[in-house]
Amino acid sequence: MSDVFEKVMDLAKRRGFIWPTSECYGAVAGFIDYGPLGAMMKRRVENIWRDFYVIQEGCYEIECPTIAQEAVFIASGHVKGFSDKMCQCPHCKEFLRADHVAEAGGIKNPSTMKNEELAAAIASCTCAACEEVLGTVEVFNFNLMFQTTIGPGSQRVGYLRPETAQGMFVDFSRLLRFYRDKLPFGAVQIGKAYRNEISPRQGMIRLREFTQAEAEIFVHPDEKNHHPSFKRYADYTMPLLTYVQQEKCEEAVPMSMQEAVDKGVIANEYLAYYVALTHHLLVTIGIKPGRLRFRQHLPDERAHYATDCWDAEIRSERFGWVETVGLADRTDYDLKAHAQQSGTPMTVFIQYDEPKKVARRRIIPNMSVLGKQYRNKAKAIFEALANATPTAEGADVEADGEKIHIPADLFEVRDEIVDIRGEDIVPHVIEPSYGIDRMCYAVLEQSYDEDTADGEARTVMRFPPNVAPIQVAVFPLMTRDELDTIAHEIARSLHKAGILAEYDDSGAIGRRYRRQDEIGTPFAITVDYDTKDDQTVTIRDRDSMKQVRIAIDKLPSTVCALLDGSLKFTSLES
RNA sequence: GCAUCGAUGGUCUAGUGGUAUGACUUAGGCCUUCCAAGCCUAUAGCCCGGGUUCAAUUCCCGGUCGAUGCACCA
């Protein structure tokens with residue numbers, strides 16, 4: 001029992017937050033179960049996220065399957081780009097990245113080679129682990145996506161999604177119609193994603209199955225510097241660690257979002273807006289600002305699709321700075337890729353304020369003559385004529401590799417002025433992508449505290465009230481003289497107000513307080529003998545352990561206000 | 001995946017080639033008028049598979065999980 005990680009994970013296991021999965025058969029690395037309190041807490045974190053993105057931002061949530069057909073991930077680049085070329089050293093059985101072996105052996109451009117070529121090229125290289133010459137090895141692709149087949153005996157390949165984002169991209173046309181063909185709009189998804197990590201470690205930091213909350217904000221590429229609500233966060237200030245500062249090993253500099261955009265530190269207003277919103281959200285779930293920073297990706301660190309990219313990183317006592325949220329400008333990469341792969345246009349028609357008058361020359365072939373004359377070449381000629389530059393004698397076109405002269409009487413040239421009412425554009429995508437499990441871990445780690453109460457050590461999870469799994473505990477001081485009946489009635493009235501209240505009459509009162517402290521229940525209500533006289537109870541604050549008396553009939557509204565933060569416990573004390 | 005170390009009730013732990021110690025927790029009871037008090041009782045354990053042995057929780061081999069280092073982390 002040395003550091004907070006071990007202590008908090010021990011508590012999490014003991015008290016029903018996080019369990020190793022399928023423990024009776026032996027756990028599996030990279031998978032976890034959320035126990036009753038963990039699942040409740042995670043749901044609260046997700047619902048705070050929903051409050052920010054769905055309610056405040058108006059980005060509606062969709063829910064797509066966790067398995068998708070191969071074409072989706074061919075388009076997204078994951079089939080190709082998400083796999084590593086690997087080989088196994090025949091001497092020490094170590095698995096090695098084949099391209100890394102090749103680079104270490106001075107072989108140029110290993111990533112462009114086919115597997116067989118690469119295998120032949122690295123035969124003379126040495127193994128990084130045992131330093132033997134490899135000799136004959138097989139190079140194979142290790143894809144981080146879990147593969148499966150769809151249907152019985154089917155050859156149809158499917159993959160478990162490695163991110164939730166693709167769902168919003170493949171549904172783009174439907175979403176666009178839903179939002180009545182106007183930019184900007186956003187869609188979000190909270191759900192499971194899967195990556196077959198080679199070596200998951202670090203508890204719930206690197207999982208093979210994890211929960212992502214992703215927002216895809218679709219915006220006109222020319223409007224990225226005009227976020228309609230930017231002023232809301234323009235003065236929001238936080239330390240930013242740019243890639244330039246990282247290369248110079250400098251510290252992060254506090255900066256407002258307005259300043260960051262003006263100085264070009266953050267690429268555009270949209271990205272800056274969501275950087276600030278992310279900071280706001282993380283602080284809301286209980287991340288201490290001093291343990292939160294925003295770091296810009298180094299140019300060679302960015303994913304294949306992104307231009308500018310910022311990570312929200314949370315400092316963990318055990319793991320250092322942990323990437324918890326990624327904020328990327330994915331440009332039009334995904335929509336273009338899916339449009340090409342699927343053949344479905346993924347564009348938005350943007351109307352001009354004023355229609356543009358454009359001079360256009362149309363060449364209208366006389367197909368009744370052309371068709372008879374050129375028969376099976378007629379179609380190619382028709383298409384070629386559209387781009388031809390005819391003279392008074394006629395037009396020279398190339399059809400099926402053959403040069404053909406079309407006399408001028410076989411087509412009509414019509415010059416006209418037409419109205420262009422708008423244009424089709426491919427939106428850019430701003431993507432905030434949150435790792436819910438990492439957020440939950442951060443909340444657990446940062447909430448863990450030990451203090452001393454009456455000379456006794458006390459373990460207390462200092463969750464903010466809005467993420468605490470149990471919201472309030474209700475105790476009768478004694479299990480007699482109807483105190484327990486009154487306490488049950490109080491718990492019932494709180495349940496009716498939608499509050500998760502836990503009744504407990506087991507053991508000494510002090511023990512019950514400590515039990516609730518350890519699972520982070522922010523408030524405890526105790527029914528005592530005064531209650532019978534004046535219809536009041538005590539309400540106790542977890543962090544200060546102070547108590548105030550309050551009338552029973554005011555409990556539901558007071559507890560609600562304490563939980564949503566609109567009322568502070570200290571203001572009850574006066 | 002490789003290497004090293006580890007694994008005993010829910011938790012922490014003692015110990016052993018003959019099925020296991022103590023504490024805490026939990027449950028029931030007594031007592032108790034606000035912060036892990038006391039008393040009685042109860043529940044519950046040797047990570048999994050194979051080998052050696054009359055007998056394995058213990059020794060050996062393999063695996064799983066965890067920690068650490070290496071590699072990996074789109």
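Modeller: A crossing of two helices is left-handed if the near helix is turned anticlockwise from the far one by less than a right angle, and right-handed if clockwise. Helix 2 passes helix 11 in a right-handed crossing. This is a predicted model, where local features need pLDDT of at least 70 and side-chain atom pairs 80 or more, while totals for chains, interfaces and linings use all residues. Residues are numbered from 1 along each chain, chains are lettered from A and ligands numbered from 1 as written, and side-chain values use heavy atoms, without hydrogens or water.

Biologist: Why are helix 2 and helix 11 called roughly antiparallel?

Modeller: Helix 2 (residues 36-56) and helix 11 (residues 269-284) pack at about 150°, with axes 10 Å apart. Roughly antiparallel means over 145 degrees, so the two helices are roughly antiparallel.

Biologist: What makes Glu 445 buried?

Modeller: Glu 445, in helix 15, has a relative accessible area of 4%. Buried means under 20%, exposed over 50%, and partly exposed in between, so Glu 445 is buried. The side chains of Glu 445 and Arg 291 are joined by a polar contact of 2.9 Å, a term for N or O pairs within 3.5 Å, one able to donate a hydrogen and the other to accept it.

Biologist: How do you know whether Asp 33 is buried, partly exposed or exposed?

Modeller: The relative accessibility of Asp 33 is 30%, so Asp 33 counts as partly exposed. Asp 33 lies in strand 2, and its side chain makes a polar contact of 2.7 Å with that of Thr 21.

How values were computed: Axes are lines fitted to C-alpha atoms, for helices over the stretch in contact, and angles run from 0 to 180 degrees between N-to-C directions. Helices (H or I, at least four residues) and strands (E, at least two) are DSSP runs, numbered from the N terminus. Angles under 35 degrees count as roughly parallel, over 145 as roughly antiparallel, 65 to 115 as roughly perpendicular and the rest as oblique. Buried means under 20% relative accessible area, exposed over 50%, partly exposed in between (1.4 Å probe, protein chains only).
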